[in-house]
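Please keep the structure open while reading.

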Amino acid sequence: MNEELRTRTLELLQDEQNQLKGAFEPQSPGINAPKTLEKVSIIENSNGTYSKNVTEIETTLYDDSVVGIQEAKIKKDANTLQEFCKVVHDNIISFNTQINSKKEEIIELVVEAQGRNCWPGIAVSLSNPVSNTVGGPKDFGAPGYNLNQDRHVLEIYSSMAGPDANYSAENPFLPTDLKTLSSSNSGFGYEIIRDNGGLNSNSIEVERDDYSISGEDEDFDNDFLSSFENTVVIGTARTFSNIKIDHEPKIIAIGTALYTYSGAGGIGIGTLGGGANDSSLTGDAAANRCVEISNKIDSLKQEIVALRIKRDASINLSDFNKIMNKKMEKELQNWGTDTIRQKQIDRESSNQSIINIVNNI
């Protein structure tokens, strides 16, 4: 390799590298636009003479420092709106945390009630007269239903702003994700939606089928998402009787089949089973505990409803989403300025790698 040619090549690359490093520095250092100008007017006096009137006015002239000032203002505006939204988001998260804690209590009580075989629970048929076969256990409380978390979900342009912001992305509006509101994404997103999990059934308010998910249904007319984060199932819930006698031993007739319920805390029937897994309480004590569990579950559900009312009254989501949309506009502007800087950094890095290659040839 001709060293003179290598030197010239490195010089032009290094010159470009120096320009890239100073791309965002003031290009006219020491030259500042005046903040005020003097407005001079000539006034004719009543005696025929003239006088000069000088008024100081603000100027509309700018030097190149205005670019950095405006960029800083854009970032500050975006941060201010993010902080404002975060206060509201954190309040919602606090309510949902309390609600879901009570739902977890419900599942703990359901597990205990099933262990004690509270009614409706498992009863055993000694035989099946229809098929003339040996009978077996039947769970009269099955199958129950999924108790889903209460949550709020964010529709968010993940590349534009938030924990996954990407200033090298080609499109700030992709991916468009639906994510559960949490401490990690609080303050971000352009829309927030409530998603209550049902208290007495397997129901939610935000369904995956309400959206066209990327790669699943390109012809879907509704909102398009790149990804959809599903709600969390806390556990399988079911209801139990709050009447003591229901938890005492009995015979249940289903058509011609007879089922024997051994009662809460009962041991079941021989090898056919059907008894309680937890027999620490039996008889009246077990039946009374089942009633307590049923009443406690109902009480927790009422507390959840009260918390939901208080949470929903604390913020009008329809109005609040207008603020979030305005925040998104500021975030988009900030993404634009940060993207330009990121591209300069990327070019600088790329240029340095080319310099290294030339040196090694």
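The model is predicted.

**Overall make-up**

- The protein contains 4 helices and 16 strands.
- It has 361 residues, and 36% of them count as buried.
- Among contacts with a separation of 6 or more, 71% are between residues 24 or more positions apart.
- The accessible surface is about 20700 Å², and carbon and sulfur atoms hold 52% of that surface.

**Backbone points**

- The peptide bond between L174 and P175 is cis, with omega at about -5 degrees.
- A cis peptide bond is also found between A142 and P143, where omega is about 0 degrees.
- P143 sits in the loop between β6 (137–139) and β7 (145–148).
- N117 is not a glycine, yet its phi is positive, at about 60 degrees.
- The loop that holds N117 runs between α2 (65–115) and β3 (122–125).
- N117 counts as buried because its relative accessible area is 3%, and the cut-off for buried is under 20%.

**Aromatic pairs**

- The whole structure has 6 aromatic pairs.
- One of them joins F140 and Y259 edge-to-face, with 5.5 Å centre to centre and 85 degrees between the planes.
- F140 is in the loop between β6 and β7 while Y259 is in strand β16 (residues 257–261), so this pair ties together parts that are 119 residues apart in sequence.
- F140 is partly exposed, at a relative accessible area of 22%, whereas Y259 is buried, at 15%.
- Y157 and F173 also make an edge-to-face pair, with 5.0 Å centre to centre and 90 degrees between the planes.
- This second pair links distant parts of the chain, as Y157 is in strand β8 and F173 is in the loop between β8 and β9, 16 residues apart.
- Y157 is buried, with a relative accessible area of 16%, and F173 is partly exposed, with 32%.

**Surroundings of F140**

- F140 is part of one aromatic cluster with W119, Y259 and Y261.
- K138 lies over the face of the F140 ring, 5.4 Å from the ring centre.

Methods
Residues numbered from 1 in each chain as written. Predicted model: local features only at pLDDT ≥ 70, side-chain atom pairs only at ≥ 80, totals over all residues. Heavy atoms only, no water. Helix = DSSP H or I, 4+ residues; strand = E, 2+ residues; numbered from the N terminus. Buried < 20%, exposed > 50% of the residue type's maximum accessible area, 1.4 Å probe, protein only. Contact = heavy atoms within 4.5 Å. Areas by Shrake-Rupley, 256 points an atom, 1.4 Å probe, with all protein chains shown as cover. Phe/Tyr/Trp six-rings, centres within 6.5 Å; stacked < 30°, edge-to-face > 60°. Lys NZ or Arg CZ within 6 Å of the ring centre and 35° of its normal.
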